[in-house]
Structures are given as C-alpha cells and as structure tokens.
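The following note collects points on pockets, contacts and aromatic pairs for a colleague's review. Please read it alongside the model.

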Amino acid sequence: MGNFARGTGSLMGLVVLAGLMIPLSDKAMADSCWDHNGSLMRLQAQGNQRWLTYEIPRDVLRPAGVQRGTLLFNGVKNGNWYSGTARVFSKFCPGSPLEYSVEGPVRGDQLQVTVSGSREVFNQCRPTGQYTSDTLVFTFSHDC
C-alpha cells in the first residue's frame with residue numbers, strides 16, 4: 001500500500017496509491033523527510049497535491065501492517081493549509097486502516113505541518129459509536 005513509482009526522462013510518471021495509479025507530469029516530485037511521532041516520513045509533492053508515507057516506521061506499527069511506503073496522509077496544500085485524508089492503523093485489522101478527514105496549518109517557517117480531525121474509535125476492527133480527536137504533527141528532518 002502506498003508505493004510510489006516514477007517515470008524517467010520524458011516518460012510520464014505514475015503514483016501508485018492503494019492500488020490506484022495516478023499519472024504525473026514529467027516534472028520531478030519534491031521529496032523531503034519529516035519526523036512524525038518517532039517515525040521517519042517521506043513527503044512527496046506534485047503541484048498542490050501532498051502524500052506522506054512511512055520511510056522508517058516505529059517498530060510498534062509493524063504488527064498493524066505499516067511498512068516503508070505505507071500511506072499515512074494524502075491531500076492538498078492551499079497556501080499554508082493542508083487538508084485531506086489521514087489513516088489510523090491497528091494490529092487487529094492489518095492492511096485495513098481507518099480513514100478520516102484532517103486539516104490544519106503549515107507553520108510560518110514551513111518546517112512543521114499540524115493536521116487534526118475527528119475519527120470513530122474502533123475496538124478490534126469494530127466501530128464503537130464513540131469519536132476521538134487526532135492531531136498529527138510532522139516536523140521537517142532533512143531532504144531525502
């Protein structure tokens with residue numbers, strides 16, 4: 001899930017996300033690495049589109065099926081604001097993350113993104129009818 005493929009030369013590239021292939025122009029995608037909750041993330045950008053995938057996930061996420069290339073966030077950047085879809089992973093339903101809407105600001109120095117949203121709480125892959133708020137903070141680490 002969440003693997004990226006790029007074309008070379010004048011060939012058109014493809015982004016492969018959750019089994020969907022999305023064509024890209026032949027312009028290179030921006031690539032940078034970000035820290036998120038102890039995991040190293042890769043931010044890729046094409047125009048105003050944004051994808052955050054796990055580059056080096058924390059060990060505790062592996063039983064939930066998270067590996068290098070797993071998609072955590074996809075969405076858009078409008079000015080200094082991100083909006084899109086985030087995912088939460090569970091060892092009880094590996095490979096089936098719960099998706100929910102998030103949005104939030106890019107810090108003025110462009111080195112941190114904070115998005116938040118409300119999502120349903122699941123108990124071993126079953127909805128509970130309760131909701132919680134999640135905040136995801138991404139802090140620039142280095143160019144990948």
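Which residues does Gln 112 touch, not counting residues up to four places away in sequence?

1. Gln 112 touches Trp 34, Pro 105, Val 106, Arg 107, Val 137, Phe 138 and Thr 139 under that exclusion, where contact means heavy atoms within 4.5 Å. This is a predicted model, in which local features need pLDDT of at least 70 and side-chain atom pairs count only at pLDDT 80 or more, while totals for chains, interfaces and linings use all residues. Residues are numbered from 1 along each chain as its sequence is written, and side-chain values use heavy atoms, with hydrogens and water left out.

2. Gln 112 belongs to strand E10; strands (E, at least two residues) are DSSP runs numbered from the N terminus. The side chains of Gln 112 and Thr 139 are joined by a polar contact of 2.9 Å (a pair of N or O atoms within 3.5 Å; within protein, one must be able to donate a hydrogen and the other to accept it, and residues adjacent in sequence count only if both atoms are side-chain atoms).

3. The structure holds three aromatic pairs (ring centres of Phe, Tyr or Trp, the last by its six-membered ring, within 6.5 Å; planes under 30 degrees apart are stacked, over 60 edge-to-face, the rest tilted). One of them joins Trp 34 and Phe 140, whose ring centres are 5.6 Å apart with planes at 85°, so the pair is edge-to-face. The pair links distant parts of the chain, with Trp 34 in strand E4 and Phe 140 in strand E11, 106 residues apart. Trp 34 is buried at 6% relative accessible area, whereas Phe 140, at 31%, is partly exposed (buried is under 20%, exposed over 50%, partly exposed in between; 1.4 Å probe, protein chains only).

4. Tyr 54 and Phe 89 also form an edge-to-face pair, at 6.1 Å centre to centre and 75° between the planes. Tyr 54 lies in strand E6 and Phe 89 in the loop between E8 and strand E9, 35 residues apart. Both Tyr 54 and Phe 89 are buried.

5. The largest pocket holds about 290 Å³ of space (on a 1 Å grid over the protein atoms alone, a pocket is an open set of points where a 1.4 Å probe fits, with protein on both sides within 12 Å along at least five of seven lines; lining residues have an atom within 4 Å of a point). Its 17 lining residues include Tyr 54 and Phe 89, which are among the closest to its centre. Strand E11 gives the most to this lining, with three residues.

Definitions and conventions:
Grid points are joined across faces, edges and corners, and a volume is the space filled by probe spheres set on the points. Helices (H or I, at least four residues) and strands (E, at least two) are DSSP runs, numbered from the N terminus.
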